[in-house]
Amino acid sequence: MSMPAPPHSLDRFLTPAHRALWEAVDDFATQEIQPRVERMESAQRVDRKIARLLAGRGWFGVTVPEAFGGMAAGHVAKTILIHRLARVSGAAAAILQASLIPVAAVLYYATDEQHAALLPGVADGSVLMSIAVTEPDQGGHLGGMTTTAEWDGRAWVLTGVKAHVGNSHLADLHVVVARTCPTGTRTSRALTAFLVQGDQRGVHIVPHSAKLGLRGFSYGQITFDRVRISPHDILGEVGQGFDVAQSSSILYGRPNLTALSLGLHERAVCLTAQYISQRPRYQGTLADLSVIQDRLGQMSARLLMARILAYHAVDMLDRGLPCDDELLAAKALGHDLASETGNDAMQLHAANGLDVDFPIERVWRDMQSTYAPAGTGEVQRRRLAENLLQQQDKTGTRTPWSVVHARRFQPPIVDQPVGV
């Protein structure tokens, strides 16, 4: 499968360093990931080898400062990694993106001592992380969180269940958000984030079960049965868990899912163009029919819009500009555009789209996994509407997370190759 060079529509966002990374990821995906895709699909178990391959490249440390052994390459570089991997395997891209979200929590809220203890392992891939916020009955509704941590005078005692935890079966360390204040306390002060080792007593990973898509990636349940946590393993301050969860989701989770969706979107367009160009019809192929060309043109236009918005948002983030709305829009609109293209791709493949021998079937299934994480489309649009209405009323809005954490651990915009 040939990999195209970055399109000129991204010229304003990409430095020579980014272009070198783009090429390196494409080569890696072709040589190391593509041969594993069929095995992941058929085995329906967690693929641990991919995590080791990604760690060997140092890509889990893409936003970790150089002082701790990281690439310090920023959000555009992170988007390139996830986007280009997803074009070959949504599962491989998901393994990377899911472990980068808790990295944000550590970068923004850990103490200097915690940085020194954790970030070198993140950078070299020896410490793989997850973030556990979502619950089986409450979903991502933080105000309804039922997992609790109670102080017994010597340690925090954590009890509860977390669901849809990305890399649940691979992670060595979990960032777990739990309720530490009585019911009725404002959500913004009721939660606390904890660092929980995967092998601690009372931590149980529910056995892996295959989902609709992203086969090879695990996003399962973790139960916590009176797990004792030292006060030294609090991330941030007691009562700051809401901020930890929200900022990690907005500044890392949303752009990460946007990049995953973009890679799948691009793959669907490419597969469809190839298919209709080779599918005989009358004296030519499907591609000769104007009605088919119209549908493909719509798919191409959607991809162009999704790609520009995705890279525009993270470029703003790298430059320290207020961009929470852009990150919201990129995630919500990126999924919607990809979903429409995915449906068109399946229809243009007709019955063959349902056949596992055709890769569009896998790509379409993987696309369904990008809607709910980091907030559903309804959540993103509601936040956009709230921000717009507050601006109209001139009542002011909460300081955007992209401003709160502006340029913290952000690299300069450089033109030298990084991480290749």
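Guide: A crossing is left-handed if the near helix is turned anticlockwise from the far one by less than a right angle, and right-handed if clockwise. This is a predicted model: local features need pLDDT of at least 70, side-chain atom pairs count only at pLDDT 80 or more, and totals for chains, interfaces and linings use all residues. Residues are numbered from 1 along each chain as its sequence is written, and side-chain values use heavy atoms, leaving out hydrogens and water.

Visitor: How many helices and strands does the protein have?

Guide: Helices (H or I, at least four residues) and strands (E, at least two) are DSSP runs, numbered from the N terminus. By that rule, the protein has 13 helices and 10 strands.

Visitor: Is H9 roughly parallel or roughly antiparallel to H10?

Guide: Axes are lines fitted to C-alpha atoms, for helices over the stretch in contact, with angles from 0 to 180 degrees between N-to-C directions. Angles under 35 degrees count as roughly parallel, over 145 as roughly antiparallel, 65 to 115 as roughly perpendicular and the rest as oblique. The axes of H9 (residues 290-318) and H10 (residues 324-349) cross at roughly 160 degrees. H9 is therefore, relative to H10, roughly antiparallel.

Visitor: Is the crossing of H9 and H10 left-handed or right-handed?

Guide: The axes of these two helices come within 9 Å. The crossing of H9 and H10 is left-handed.

Visitor: Is Cys-270 buried or exposed?

Guide: Buried means under 20% relative accessible area, exposed over 50%, and partly exposed in between (1.4 Å probe, protein chains only). Cys-181, at 25%, is partly exposed. Cys-270 has 19% relative accessibility, so this residue counts as buried.
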